[in-house]
Structure formats: C-alpha cells, structure tokens
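Here's a quick briefing to read alongside the structure. Have the viewer open and follow along topic by topic.

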2 protein chains.
Amino acid sequence: MPIKATVPITAADIKSACSQCNLLELCLPFGMTETEINRLDELVGARRKIKRQQHLYRAGDPFEAIYAIRIGWFKTHVVLEDGREQVTGFQMTGEMIGLDGISTETHSCNAIALEDSEVCVIAYNRLEELSREIEGLQHQFHKVMSREIVRDHGVMMLLGSMRAEERLAAFLLNLSQRFTARGFSAAEFHLRMTRDEIGSYLGLKLETVSRAFSKFQEDGLISVQQKHVRITDIEGLRKLIQHPAAMR
Amino acid sequence: MPIKATVPITAADIKSACSQCNLLELCLPFGMTETEINRLDELVGARRKIKRQQHLYRAGDPFEAIYAIRIGWFKTHVVLEDGREQVTGFQMTGEMIGLDGISTETHSCNAIALEDSEVCVIAYNRLEELSREIEGLQHQFHKVMSREIVRDHGVMMLLGSMRAEERLAAFLLNLSQRFTARGFSAAEFHLRMTRDEIGSYLGLKLETVSRAFSKFQEDGLISVQQKHVRITDIEGLRKLIQHPAAMR
DNA sequence: AATTTTGGTTGACGTGGATCAACGGAGTAC
DNA sequence: GTACTCCGTTGATCCACGTCAACCAAAATT
C-alpha cells in the first residue's frame, strides 16, 4: 500500500534538534552562529522515517515542506505521460530535497528512498518566516537552491556533451567527492542504486552502464563487484573526462 | 574588446522603476501588492544595455547581482576544460538570469546576449535585505529559483530520455508557450539562436537539428525559413512527444 | 534447502545520430 | 557592387550506443 506523502507524526518520530546534529557543516545551518542555530530548532519539526522503496513525496502532491536527509539515500525522478522515466538526482545525507515544489506549490517529481532513511521535516511557511528574521538562514537557504541549479547545469553538460564512459567517470568522481565531504572513503563505497537507475540518470541504457563498469575494471581504473566499487586510479578517471576519450 | 561584467553606470543607463514597468506579471514583482512594488523601486538599480554577442557576465566573475531581462534574448552556457560547450538555457524578456552565482558567490556560467538587449540590475545584497522585509518579494524570489530547478529537470528529461525529433518538438512548443505568455503569436516567431546553439542546448549536432526542421516541414508540422518559424500543426508537435516517434 | 525474483554481465546485431564533405544563400564589411 | 564570412541544408558514410537475447549470481520468498 503506497504511503501518502504528508507530514504524519508517528510514534517513531523524535523531535529533531539542529543544535545537536552532527551534519551542521553539510546542511542548512552551515555558516550560522550558535545563537541562530538554536533558533532553528523551532523550525525543524518531526523527523520522518522512510523505508526502502517508499515515496517521500510524489509528483502532484501538495507542497508543504522541504526535507533534510539525516540518514540514507533518495532518488528523484520525473515521469512522462508515456511512462518514460528520468532520474533527476541521487541525494544523500545532509542534502536538501523537495525544492522543486516551491514554484507551483505542488511537487513536480517523485522522491523515493533507496534504502531505509530518515529526514528532518522543515515546514516551508515556517522556513520563510524564520529566514526573514535570521539573515544567516536566508542566505544559506538561497545558496542551497542555487547549488541545485549549478548541479543541474553540470548534469546538462554531462547529458548533452559527454560520451558514455565520460558520464560514468564523472558520476563516480562526484560520488567519491560527496563521500569524502562526509568523512567516508573517497576510494571505496557502496552504490545504493541499480545499473538501471544509474543509466536513467546518465541518459544511458543499463547494458551500457554495465559495459562501462567492466571497461573501467579492465583498464585498472576501478574494481567493481555488483554494487561495491573501489576506485584504484582516480587520476585516470579524471583524465578520461578531460581528454574526450579516443575519438580516433 | 571584451567588456568586464560588473555593474557600470554609463550615460545610457536610466533609473528603472518596477512600478512603471509593463512586465509585472512575468517578472519579480508578480503577486506583490502595489505598496510593495513601490518599495521595489529602491531595489532595482540601473538598467544596463548589452550589445549582441557581448557577455552580461562570465564564468568566474564575482557574483554581485542578478538580472531581470527587460528587452532581448540571452543564452547561458558552461564550458569544459577541453573546450566543449553546453548551452544551459535561452532566456527572454521578463526572465531572471544570474541565479547560478549565489551558491559560490562566483558565476558558474557565461551569459551572452543573442541580440541587443537590456537588463535591470538587481544588487543581490539589497535583494536579500528587502526580501527580509517584504514577504511577497521573498516568496516570489523563491518561486523564481524553484522554477529554474523544475525547468532544469525538464531539460534533463529531454536530454536523457528523448530522441532528436522529440527534443526539437519540445523546444519549439516551449518557445511557443513563452511567446504566448508575453502576448506574442504562439504560432509564428523568430529564432534568436543558431542551429548550432539549439543543438548544443538539445544535445544534438547542428546537422541533426537542421534535418529535424526539414522533416517537420515535410510532415506539414511547421514551415521554416532560416530563423523564421511558423507552427502549422501544434497538436502534431504535441503528439510527437507523447507517442515516442515510430521506433518500429 | 528449494524456488522465484531481481539485478548484473556479456555477446551479436541494428540503428539513430555523428561525422565528413560539398554547396548555396544571407548578412556584413569594404 | 564585390568579397568574405557565417549559417543552414543535404547527401554519404560511420560508429557509439541501443536492442535483443541468453545466462548467471544474489537476494528474497517459500
């Protein structure tokens, strides 16, 4: 049974507290003073747990809140009338999700948990109120939105101008960099998404993604086994992007 | 000689006034009360004229302002180290440009006028100040940013999941819709960009764009002559997208 | 433990769009 | 008016990636 994406308070919910959270430098409070962060605690409502494969929200849902991911992974995707899907992003701990809803007050994409996850629910009207009072919050929120725009432009570059292997290399480097920022290994990580989902994000078919993984392994750039990836030559991956792979 | 993209006051500049402007319902003031709009006049600084092919700003420029297009057309594009370019958008009258700069306080793309154009310069620090005071401004500004994110997701769908002719059809329908919103003909318009620029935006080569134009003409969907386009069967174009063109 | 389902890999083959090339017309500069 | 440059069109050919298919491993279900 699909779960409606509103803001339910269940027994499992705990009151969140930004001031107690260790994601500070990744999340909304970044750059704010301690006093300001304490005031954030009034803003951030309940936490909400989302099980693997469940929706955080669906396209068409009324927009009420944005979400800060505390634990876990999500994907967002848009669907065309004829059923074609396009993954528009993979979001991890410390990232904000739901910004698409502001423009029309209705979510324009679907957000699905890739593993059991937990988000902080940030009521949007409260966020607007509070960011009129707290300059640091306002500024950081604007940065978060702008960052999303810049990221999207990067994806356009990827989809519009790069070949299959370059796209995958860019994808892996991006993941690596995001893991690093969270204190995890830059070289070794576990993919939360399937080849098909990666393919959708990168504008490729799953077979092509799989072949590119195998090729990278043959070339000694990475070692892959299913969802486990170890980057063995990060410079090699970088070069692959800079020197538009052997177009003879 | 390239012009540095700062905020120069030249003899040609006139003080702008949102309250006197006829772009209200397309631009930042949308949804604001008359009193609020009057206060906007303190926000919007000089106008600035940009000649065809000149930069409004460049990637790497320090971010100081966003711009509302009063007259004309722009393209934004990002450039990879190896020189590959990707057009990330075409912006017309009433649209905001420069939002990419907020995240890092440095512009991340280039904005170039496609024809002689004029923008209103909106100092970003003043915008933040004022939108802490005027709720309607804050809300509208957030909507503008969110709309950009949603638009970008649409482009990802286009680049990642659609075939050449579908992409061009979607592009023409999008232009048509934006012209309509400005009171121009939905069916007949003048393209401000070259086949090459359209191709870059759509992730196609200029030859493919040209062939798709010719195909649409053969099929009686449009008539094209150089940059002049007349849509003769708008429903036909829509169908083309909904029914993933004959993949036999 | 047996069975089913889902996800990933690999090979053979087909094709949409890229590439290469030639040409002609529009716009611009002199 | 003439020359030049830029832009768009069209044809011939090529190739990167999609499609189709078989198979296997891992995970979920019984």
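Start with Tyr67(A): setting aside neighbours within four places in sequence, this residue touches Leu56(A), Met96(A), Ile97(A), Gly98(A), Val119(A), Cys120(A), Val121(A) and Ile122(A). Keep in mind that this is a predicted model. From that tyrosine we'll go to the core, then to one helix, then to the DNA.

**The core**
- Tyr67(A) and Tyr67(B) are the residues with the most contacts inside the largest nonpolar core.
- That core counts 134 residues.

**Helix H6 of chain A**
- Which residues of H6(A) are buried? They are Val209(A), Ala212(A), Phe213(A) and Phe216(A).
- Looking down the axis of H6(A), the buried residues stay within an arc of 100°, which means they line one face of the helix.
- As background, residues three or four places apart in an α-helix point the same way, because there are 3.6 residues a turn.
- Turned away from the buried side of H6(A) is a face with the exposed residues Glu207(A), Ser214(A) and Glu218(A).
- What do the buried residues of H6(A) pack against? Their partners in chain A are helix H4 (164–181), helix H5 (195–202) and strand E10 (222–225).
- Just past the end of H6(A), Gly220(A) adopts a positive phi of about 75°.

**Around DNA strand C**
- There are 19 residues surrounding DNA strand C, and the closest are Thr194(A), Ser210(A), Ser214(A), Arg163(B) and Thr208(B).
- The biggest giver to the surface near DNA strand C is H6(A), with 6 residues.
- Sorted by class, the surface near DNA strand C has 8 charged, 6 polar and 5 nonpolar residues.

**Around DNA strand D**
- DNA strand D has 19 residues around it, with Arg163(A), Thr208(A), Thr194(B), Ser210(B) and Ser214(B) the closest.
- Two or more residues of the surface near DNA strand D come from each of these elements: H6 of chain A, and helix H5 (195–202) and helix H6 (206–218) of chain B.
- H6(B) gives the most here, putting 6 residues into the surface near DNA strand D.
- The class breakdown near DNA strand D is 8 charged, 6 polar and 5 nonpolar residues.

Technical notes
Residues are numbered from 1 along each chain as its sequence is written. Chains are lettered from A and ligands numbered from 1 in the order in which they are written. This is a predicted model: local features need pLDDT of at least 70, side-chain atom pairs count only at pLDDT 80 or more; totals for chains, interfaces and linings use all residues. A residue is buried if 20 or more other C-beta atoms lie within 10 Å of its own, exposed if 12 or fewer, and partly exposed in between; C-beta atoms are placed from the backbone. Helices (H or I, at least four residues) and strands (E, at least two) are DSSP runs, numbered from the N terminus. The arc is that of the directions from the helix axis to the C-beta atoms. Two residues are in contact if their C-beta atoms, placed from the backbone, lie within 7 Å. A nonpolar core is a set of buried Ala, Val, Leu, Ile, Met, Phe, Trp, Tyr and Cys residues joined through C-beta atoms within 7 Å. A residue is near a molecule or strand if its C-beta atom, placed from the backbone, lies within 6 Å of it. Ala, Val, Leu, Ile, Met, Phe, Trp, Tyr, Cys and Pro count as nonpolar, Asp, Glu, Lys and Arg as charged, and the others, Gly among them, as polar.
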